Amino acid sequence: LPLTLQVKNKAPAEVQITAEQLLREAKERELELLPPPPQQKITDVEELNDYKLRKRKTFEDNIRKNRTVISNWIKYAQWEESLKEIQRARSIYERALDVDYRNVTLWLKYAEMEMKNRQVNHARNIWDRAITTLPRVNQFWYKYTYMEEMLGNVAGSRQVFERWMEWQPEEQAWHSYINFELRYKEVDRARSIYERYILFSALVIVHPDVKNWIKYARFEEKHSYFAHARKVYERAVEFFGEEHMDEHLYVAFAKFEENQKEFERVRVIYKYALDRIPKQDAQNLFKNYTIFEKKFGDRRGIEDIIVSKRRFQYEEEVKANPHNYDAWFDYLRLVESDADAETVREVYERAIANVPPIQEKRHWKRYIYLWINYALYEELEAKASKRTRQVYQACLELLPHKKFTFAKMWLLYAQFEIRQKNLPLARRALGTSIGKCPKNKLFKGYIELELQLREFDRCRKLYEKFLEFAPENCTSWIKFAELETILGDIDRARAIYELAIGQPRLDMPEVLWKSYIDFEIEQEEYEKTRNLYRRLLQRTQHVKVWISFAQFELSAGREERLQRCRQVYEEANKAMRSCEEKEERVMLLESWRSFEEEFGSDSTKERIDKLMPEKIKKRRKLQAEDGSDAGWEEYYDYIFPEDTANQPNLKLLAMAKLWKKQQQESEAAAVDPDKDIDESQT
């Protein structure tokens with residue numbers, strides 16, 4: 001019975017060997033240096049034949065194992081070639097071609113063997129078979145033509161090139177053919193090859209590329225056929241037309257003409273190309289045109305090219321974002337300074353066609369200035385009043401007046417019609433604007449127009465409409481009253497003021513009351529002015545109203561003016577005792593003290609000094625928005641003597657401060673008792 005081995009320790013080994021390690025070790029051992037085979041010295045023919053037999057058997061065995069490995073065939077043939085067995089090597093190559101006739105290396109090695117052994121006809125035969133079997137392998141054609149040229153068979157090489165050109169090969173093949181003809185000074189033949197190269201061949205375009213035309217033209221220029229070169233460029237421009245224009249063609253054409261000193265032709269070529277080639281594809285064209293103008297042009301030409309560059313930049317900006325109105329403004333300023341009227345109009349039409357997509361006024365504020373500039377250009381620069389009117393009318397029709405409008409457009413249109421001495425149209429436009437979309441600015445502009453025309457009845461009607469539309473507008477009430485005052489109708493002006501102050505809601509009531517009071521003062525109606533102040537004080541107890549009232553009484557010009565003024569200050573002081581804003585009360589007392597210092601006696605000055613408050617510094621606690629503590633802040637407060645008498649707590653606070661001061665003095669004395677003893681002994 002066989003012995004059974006038992007593994008006692010079945011735990012995994014400490015060092016694990018992976019499959020990757022096994023493969024790596026096997027690969028490393030393969031690379032170990034083997035001892036070189038022993039050198040065999042052949043001394044007679046029998047040994048040589050025996051060696052050849054063994055070697056051939058090895059090659060045949062390798063081929064038999066894998067017929068598709070072409071390297072085995074090539075090694076076999078090269079070994080036979082090294083033994084000068086050319087016929088055997090040729091036989092091996094033929095057998096290999098039967099296996100894989102598409103192998104390029106096999107054909108090349110076969111032909112090279114024939115050429116090395118000076119078998120020219122055999123080599124020609126192989127090249128013919130190769131280019132017939134694989135006509136798209138350019139290497140065969142290059143090798144074949146090079147061999148014929150090296151043998152001095154120029155006609156044979158040309159014939160191979162012609163056979164090659166029938167297959168319409170790539171660009172380099174044509175250039176090789178052209179260079180071949182040029183090496184033998186066959187310029188006419190080279191020209192005919194260029195013609196076939198760039199034009200149609202059997203209704204198929206071989207290589208209709210711009211660079212091929214340029215090479216053809218430079219070929220003619222190089223051989224001093226300048227007329228032919230110019231004709232090639234012209235044919236190229238005509239061939240590509242305006243649909244497939246390329247800046248490189250025009251740059252080469254312009255440089256050719258520049259070399260021929262035809263500067264006007266160069267300028268025409270550049271301008272023709274710049275007008276037709278898309279701007280994003282003409283960077284190199286702009287650059288070369290600029291260089292040309294700097295070399296041969298005048299100042300005007302340089303300015304033209306700079307303007308063209310800037311136009312290109314603006315075109316790119318507005319194409320990227322048609323609603324970039326600032327770019328349109330810059331573009332329009334440029335074309336207005338340089339271009340003709342039709343070009344400017346075309347750019348304006350393109351600009352105003354980009355209507356803001358959202359009907360909100362903030363999106364239209366920049367856009368509306370395009371229309372304004374358009375209208376002003378037509379009126380001032382082009383002197384076309386009819387087109388100006390059309391621009392204004394088109395803009396006013398475009399605006400969504402139910403949502404918003406632009407008063408400046410209506411006013412500019414009306415002013416334009418007045419300049420054209422067409423007053424009815426101006427009034428009609430402003431009337432339409434007020435009917436469609438009434439605005440304060442429209443009313444003010446219309447009223448100002450009628451005032452300039454001295455149509456006061458129309459102004460009254462407009463003010464009435466205006467105040468019906470915006471009764472809270474204090475400025476309108478004041479202007480209306482001032483108009484009546486200028487016209488001498490005081491009662492109407494006073495009635496307007498009364499209507500104004502009776503409105504339940506006003507935007508600037510203080511300005512309206514001040515204007516009404518100034519109006520009564522101008523009319524020297526002091527009692528009415530005094531009554532106005534009293535009515536105003538019933539509505540507000542503002543300190544400035546009291547001070548103004550007192551100054552009015554002071555300037556009334558009567559004997560009792562000082563007494564009246566002082567009485568107003570007394571009333572104001574009593575009224576403002578309950579005011580929370582202590583700064584206003586201080587302002588009133590300071591104004592009162594200034595009055596007493598100028599007009600009062602010693603007793604009145606002493607009295608007002610006693611009324612002046614004491615300024616003290618206090619602290620108060622701050623709270624943040626979320627209710628948390630935010631620290632303390634210091635502020636100044638005012639304590640008025642009149643309030644101190646009525647508030648005993650303030651007296652108690654003063655006594656507490658005095659006691660604290662005494663305590664601090666006693667503590668300071670107790671700190672240094674020796675000093676007190678010395679002082680007592682002294």
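Are Arg427 and Glu450 buried or exposed? Both are buried, where buried means under 20% relative accessible area, exposed over 50%, and partly exposed in between, with a 1.4 Å probe and protein chains only.

Before I go on, the conditions. This is a predicted model, in which local features need pLDDT of at least 70 and side-chain atom pairs count only at pLDDT 80 or more, while totals for chains, interfaces and linings use all residues. Residues are numbered from 1 along each chain as its sequence is written, and side-chain values use heavy atoms, with hydrogens and water left out.

The overall picture. The protein chain has 36 helices and 4 strands; these are DSSP runs numbered from the N terminus, H or I of at least four residues for helices and E of at least two for strands. Of its 682 residues, 37% count as buried. Taking contacts between residues at least 6 apart in sequence, 47% join residues at least 24 apart, a contact being heavy atoms within 4.5 Å.

Now the salt bridges. The whole structure holds 35 of them, each defined as a side-chain nitrogen of Lys or Arg within 4 Å of a carboxyl oxygen of Asp or Glu.

Back to the opening pair. Arg427 and Glu450 form a salt bridge with the closest N and O atoms 3.0 Å apart. Arg427 is in helix H23 (residues 423–436) and Glu450 in helix H24 (residues 440–452), so this pair ties together parts 23 residues apart in sequence.

The next one is Glu148 with Arg124, at 2.8 Å from N to O. Glu148 sits in helix H7 (residues 138–150) and Arg124 in helix H6 (residues 120–133), so parts 24 residues apart in sequence are tied together. Glu148 is buried at a relative accessible area of 2%, whereas Arg124 is partly exposed at 24%.

Then Arg191 and Glu220, whose side chains meet in a salt bridge at 2.7 Å, N to O. This pair links distant parts of the chain, with Arg191 in helix H10 (residues 187–198) and Glu220 in helix H11 (residues 210–222), 29 residues apart. Arg191 counts as buried at 14% relative accessibility, and Glu220 counts as buried at 1%.

His228 and Ala217 are 11 residues apart in sequence and 7.6 Å apart in space, C-alpha to C-alpha.

There is also a network of salt bridges, linking Arg230, Glu234, Glu257 and Arg265.

Helix H2 (residues 45–65) and helix H3 (residues 70–82) pack at an angle of about 160°, with axes 9 Å apart. Axes here are lines fitted to C-alpha atoms, for helices over the stretch in contact, and angles run from 0 to 180 degrees between N-to-C directions. H2 and H3 are therefore roughly antiparallel; the cut-offs are under 35 degrees for roughly parallel, over 145 for roughly antiparallel, 65 to 115 for roughly perpendicular, and oblique for the rest.

On the H2 side, the residues in contact include Tyr51, Phe59 and Ile63, and on the H3 side they include Trp73, Tyr76 and Trp79. By class, the contact of H2 with H3 has 6 nonpolar, 2 polar and 6 charged residues. Nonpolar covers Ala, Val, Leu, Ile, Met, Phe, Trp, Tyr, Cys and Pro, charged covers Asp, Glu, Lys and Arg, and the others, Gly among them, are polar.
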